[in-house]
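Hi,

Here is the structure I promised to pass on. Have a look at it first, and then read my notes below.

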Amino acid sequence: MAAVKFVSYLRVSTDKQGRSGLGLEAQREAVLRYLNGGQWKLLAEYVEVESGKRNSRPQLQAAISHAKATGAKLVIARLDRLARNLHFVSSLQERGVDFVAADMPDANRLTVHIIAAVAESVGRAISENTRTALAAAKARGVKLGNPNGARALKGKQIGNADAVAKIKANAAQRALDLAGIVSTLQASGLTSVRSIAGALNDQGIPAPRGDTWHPTGVSRLLMRLSAHSATTTHARTGASP
C-alpha cells in the first residue's frame, strides 16, 4: 500500500513568535501526532509569519502549489489558523487541494463548504456595491466600457485561438503550481536544469504530460516562471514591458 503524502503548513501571527519559535513547535507537534501511525510521508513543511487578517501569504500559496503538484494533502495543526481567511478557502476550492486540520480531522470538507458559502455572500455584497458605484459614475456622465463596442472584436479569431489560449493558460498555471517547489530547490543549491529535473523526479512530481522530467522540460518551466515574474513586476510598478 502506497504511503499517503502530506504537505504541512504552520503559521504564527507575529515576527516575535516567528523568531522565538513560540507556537510553531506546538503546531508541528500537533501535526506529527495526527500523522502518527499508518503509512505516510511528509513531503515538505511551510512556515508563515503573517497576520491572520492579511490575504498575502506566499508560504501558504507555495504549500498549496506543492500539494497540488504532488497530489498530497495539506495538513494544518488547527483549523482556526486558516478558517477565517477567505483567500485560503477560495484557493483550496479553485485548485482542488484537499486538506485536514489535526484538531478537527472530520470537519475539513464541511467546514470549507460553510466558509465558502459565507465568502460567496460577501462577494455578492461587493459586486452589488460595485454595480451601485458604476451606476453613480454613469449618472455623473462618466463613459464606461469600450467606446468601440462590438467593433473592437471584429476580425478576432474565435475557436482554435481560444483552444490554444486555454492550453497556454493551463501550462502557465501548472508552472505556477510548481513555482514554490522550484524556488526551494534553487535555494538549496540546485540551479542547473538537469539537477532540478532529477530532484523533481525524485520527489515523484510528474511532468506536464505525466512522464518524467527532462532538462528541456525544466527549461520551458523556468521560462514560463520568468515570464510570469516579469509580467507581475511590470503590472506592480506600472512599467512598460
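Which residues touch the most other members of the largest nonpolar core? Before I get to that, a word on the model: it is predicted, so local features need pLDDT of at least 70 and side-chain atom pairs count only at pLDDT 80 or more, while totals for chains, interfaces and linings use all residues. Residues are numbered from 1 along each chain as its sequence is written, and side-chain values use heavy atoms, leaving out hydrogens and water.

Now the core. Tyr46, Leu74, Leu178, Ile181, Leu200 and Trp213 touch the most other members, out of 33 residues. A nonpolar core here is a set of buried Ala, Val, Leu, Ile, Met, Phe, Trp, Tyr and Cys residues joined through side-chain atoms within 4.5 Å. Buried means under 20% relative accessible area, exposed means over 50%, and partly exposed is in between (1.4 Å probe, protein chains only). Helix H3 gives the largest share of this core, 6 residues. Ile181 touches Tyr46, His66, Ala69, Leu200, Gln203 and Ile205, leaving aside residues up to four places away in sequence; contact means heavy atoms within 4.5 Å. There is also a second, separate core of 10 residues, which includes Phe6, Leu24, Val31 and Val100. As a general point, nonpolar side chains tend to be buried together in soluble globular proteins.

Next, the sheet. The names of helices (H or I, at least four residues) and strands (E, at least two) come from DSSP runs, numbered from the N terminus. An open sheet is formed by 4 strands in the order S2-S1-S3-S4, with parallel pairing. Two strands pair if DSSP finds at least two bridges between them. At the edges are S2 (40–49) and S4 (99–101), each pairing on one side only. From one strand to the next, the twist averages 25 degrees.

S1 (residues 4–12) pairs with S2 over 9 bridges, in the parallel sense. Along that pairing, Val4 stands opposite Trp40, and Phe6 stands opposite Leu42. On to S3: 4 bridges join S1 to this strand, and the two run parallel, with Val7 opposite Leu74. S1 is largely enclosed by the rest of the structure, because 7 of its 9 residues are buried.

Do look at Val75, which is found in S3. Val75 is buried, with a relative accessible area of 0%. Leaving aside residues up to four places away in sequence, Val75 touches Phe6, Val7, Ser8, Tyr9, Val31, Tyr34 and Val100.

Last, helix H2 (residues 24–35). H2 has 12 residues and reaches 17 Å from its first C-alpha to its last, close to the 16 Å expected at 1.5 Å a residue (the expected span is 1.5 Å times one less than the number of residues). Buried in H2 are Leu24, Gln27, Ala30, Val31 and Leu35. They cover an arc of only 135 degrees around the axis, which puts them on the same side of H2; the arc is that of the directions from the helix axis to the C-beta atoms. Glu25, Ala26 and Arg33 are exposed on the other side of H2. Just after H2, Gly37 takes a positive phi of about 95 degrees.

Happy browsing!

How values were computed:
Axes fitted to C-alpha atoms, helices over the stretch in contact; angles between N-to-C directions.
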